[in-house]
Amino acid sequence: ARLSSLAASYKTNNTFLYKIGLNLWLLSYNEAVCLQFADGLLGVLVDIVRTVEAEKVLRVFLACLKNLVALRRLNEDLIDLGLLKIINLFSTRAWNDDDVVEDIKQMSEALHRDYKELSTFEKYHKEVMAGRLDWTPAHTNETFWRENINKFEKGEFELIRVLGATLKSPDASPKSICVALNDIGEFARNHARGKNIIAEMGGKERVMELLNHEDATVRKHALLC
């Protein structure tokens, strides 16, 4: 917990951050300790590799994450935190250190393998309920909607209610609103009673209001919904 708070506090101090990374890397060889990383530290680690530019610092944190990924027991959380997207991006970059290249390659293979094994609908459900809407593959996959549409009936259309709440939330980002509009539109098109259910929930009125949203992308998705 102490290292986690220090790492979060000193993200702009590369010298100090490197020393913290070395300690975390050494700890990552102990499986029992690694499993405790799930208690808040995973998010800090992913955030550091997402934002830090110094390759020396990135190298030690990537080495730490490589050990965590090798365990497989934390990979679902790491994928949800966005590590796979970061690794995909890193795979296209040129690196001076061959160890970094190898660590990225190993993590990419392991995370892609586990991503495929996770239930697509389970991941979608988790994303929506956590309020972390992003353009992950399921949102624009016609097969996903066709094969899973009846699952949206669970909990009296709980997922649709959550998506509707996103449209009304003053704190929702334009991207979250766009994803929610996309999904509500897909539900309306693919479910036999989709349009009626959306209307009964007051979604139609909110979509009409979003046609006047200040963000042009939101207006576009409201029009397509």
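1. Helices (H or I, at least four residues) are DSSP runs numbered from the N terminus, as are strands (E, at least two).

2. Before going on, a word on the source: this is a predicted model, in which local features need pLDDT of at least 70, side-chain atom pairs count only at pLDDT 80 or more, and totals for chains, interfaces and linings use all residues. Residues are numbered from 1 along each chain as its sequence is written, and side-chain values use heavy atoms, with hydrogens and water left out.

3. Back to H5, which covers residues 55-71. Its 17 residues reach 24 Å from first C-alpha to last, close to the 24 Å expected at 1.5 Å a residue (that is, 1.5 Å times one less than the number of residues). Among its buried residues are Val57, Phe61, Cys64 and Leu68; buried means under 20% relative accessible area with a 1.4 Å probe, protein chains only.

4. Confidence looks like this: the chain has a mean pLDDT of 90, and 94% of its residues reach 70 or more. (pLDDT is the predictor's confidence in each residue, from 0 to 100.) Helix H1 (residues 2-9) has the lowest mean of the elements, 63, while helix H12 (residues 174-190) has the highest, 95.

5. For the overall fold, expect 15 helices and zero strands. The C-alpha atoms fill a box of roughly 55 × 35 × 35 Å along the principal axes, and 44% of the 225 residues are buried.

6. A pocket here is an open set of points on a 1 Å grid over the protein atoms alone, with protein on both sides within 12 Å along at least five of seven lines; lining residues have an atom within 4 Å of a point. Of the 27 lining residues, Tyr115, Lys123, Glu127, Thr136 and Pro137 lie nearest the centre. The lining divides into 10 nonpolar, eight polar and nine charged residues, and the helices giving at least two residues each include H8 (98-117) and H9 (120-130).

7. There is also one cavity of 30 Å³ or more, a cavity being a set of points where a 1.4 Å probe fits but cannot get out. The largest cavity holds about 50 Å³ of space, and its lining includes Phe121, His125, Lys154 and Glu158. Helix H11 gives the most to that lining, with three residues.

Key: Buried < 20%, exposed > 50% of the residue type's maximum accessible area, 1.4 Å probe, protein only. Nonpolar A, V, L, I, M, F, W, Y, C, P; charged D, E, K, R; others polar. Points joined across faces, edges and corners; volume = space filled by probe spheres on them.
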